[in-house]
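Welcome, and please load the model in your viewer.

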Amino acid sequence: MRRWGSLFLCVGFGLLATGCPKGQPDFNQGKKAETIQDYDAAFVFYQKAVKKEPYNASYKIKLNSIRFEASEKHVKAGLELRKKGDLQGGRIRIRAGAGDRPSSPWRTRSCARR
């Protein structure tokens, strides 16, 4: 009887260890960054989580959601700069929000210039 208990215990710990998602730490850090409205950092963390687990649907959903939030934040900041008279800075921020800048971390292929 004691052998069976040890066997079940070992199998249980093995399943627990293998069942842990690889991208969970990055996903948790992304959620923390999102709560303080640091959308650029959250995007990077969610992107790392998706790279580690490309078939995790909830990671992909959060990544796309935060991409939208970060873009919206950049566009709003660009419009504020434009209202204040900083046309160049406003243009840069709006283009960053649109994913038009090569250094933009959320740039997608559909936004690439031809």
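Throughout this tour, two residues that meet, touch or pack are in contact, meaning heavy atoms within 4.5 Å. Helices (H or I, at least four residues) and strands (E, at least two) are DSSP runs, numbered from the N terminus.

Before you start selecting, a word on the model. It is a predicted one, where local features need pLDDT of at least 70 and side-chain atom pairs count only at pLDDT 80 or more, while totals for chains, interfaces and linings use all residues. Residues are numbered from 1 along each chain as its sequence is written, and side-chain values use heavy atoms, with hydrogens and water left out.

**Stop 1: the whole chain**

Show the protein chain as a cartoon. You will find 5 helices and 0 strands, in the order α-α-α-α-α from the N terminus on. Now colour by accessibility: 25% of the 114 residues count as buried, where buried means under 20% relative accessible area, exposed over 50%, and partly exposed in between (1.4 Å probe, protein chains only). Among contacts in the chain with a separation of 6 or more, 38% are between residues 24 or more positions apart.

**Stop 2: H2 against H3**

Select H2 (24-35) and H3 (39-52). How do we describe such a pair? Two packed helices are described by the angle between their axes and the distance between the axes. Here the axes come within 8 Å and cross at roughly 165°; they are lines fitted to C-alpha atoms, for helices over the stretch in contact, with angles running from 0 to 180 degrees between N-to-C directions. H2 is therefore roughly antiparallel to H3. (Angles under 35 degrees count as roughly parallel, over 145 as roughly antiparallel, 65 to 115 as roughly perpendicular and the rest as oblique.) The crossing of H2 and H3 is left-handed, that is, the near helix is turned anticlockwise from the far one by less than a right angle; clockwise would be right-handed.

Show the side chains at this interface. From H2 come Asp26, Phe27, Gln29, Gly30, Lys31, Ala33 and Glu34, and they meet Tyr39, Ala41, Ala42, Phe45, Tyr46, Lys48, Ala49 and Lys52 of H3. Centre on Ala42: beyond its neighbours within four places in sequence, this residue contacts Gly30, Ala33, Glu34 and Ile66.

Next, click on Gln37, in the loop between H2 and H3. What is the phi of Gln37? It is near 60°, a positive value in a residue other than glycine. Most residues other than glycine have a negative phi.

**Stop 3**

(The expected span is 1.5 Å times one less than the number of residues.) Its buried residues are Tyr39, Ala42, Phe43, Phe45, Tyr46, Ala49 and Val50, and the buried residues of H3 pack against H2 and H4.

Now select Phe27, Ala33, Tyr39, Ala42, Phe43, Tyr46, Ala49, Val50, Tyr59, Leu63, Ile66 and Ala70, the 12 residues of the largest nonpolar core. Such a core is a set of buried Ala, Val, Leu, Ile, Met, Phe, Trp, Tyr and Cys residues joined through side-chain atoms within 4.5 Å. H2, H3 and H4 are the elements that give two or more residues to this core, and H3 provides the largest share, 6 residues.

**Stop 4**

Zoom to Gln24 in H2. Its relative accessibility is 29%, so Gln24 counts as partly exposed. Leaving out residues up to four places away in sequence, Gln24 touches Glu53 and Tyr59. The C-alpha atoms of Gln24 and Tyr59 are separated by 9.2 Å, though the two are 35 residues apart along the chain.

Widen the view: H2 and H4 pack at about 30°, with axes 12 Å apart, and are therefore roughly parallel to each other. Their crossing is left-handed. Gln24, Phe27 and Glu34 in H2 meet Ser58, Tyr59, Lys62 and Ile66 in H4.

**Stop 5**

Finally, follow H4 (residues 57-83), with 27 residues and a reach of 39 Å from first C-alpha to last, close to the 39 Å expected. Tyr59, Leu63, Ile66, Ala70, Ser71, His74 and Gly78 are buried in H4. Just after this helix, Gly85 takes a positive phi of about 105°.
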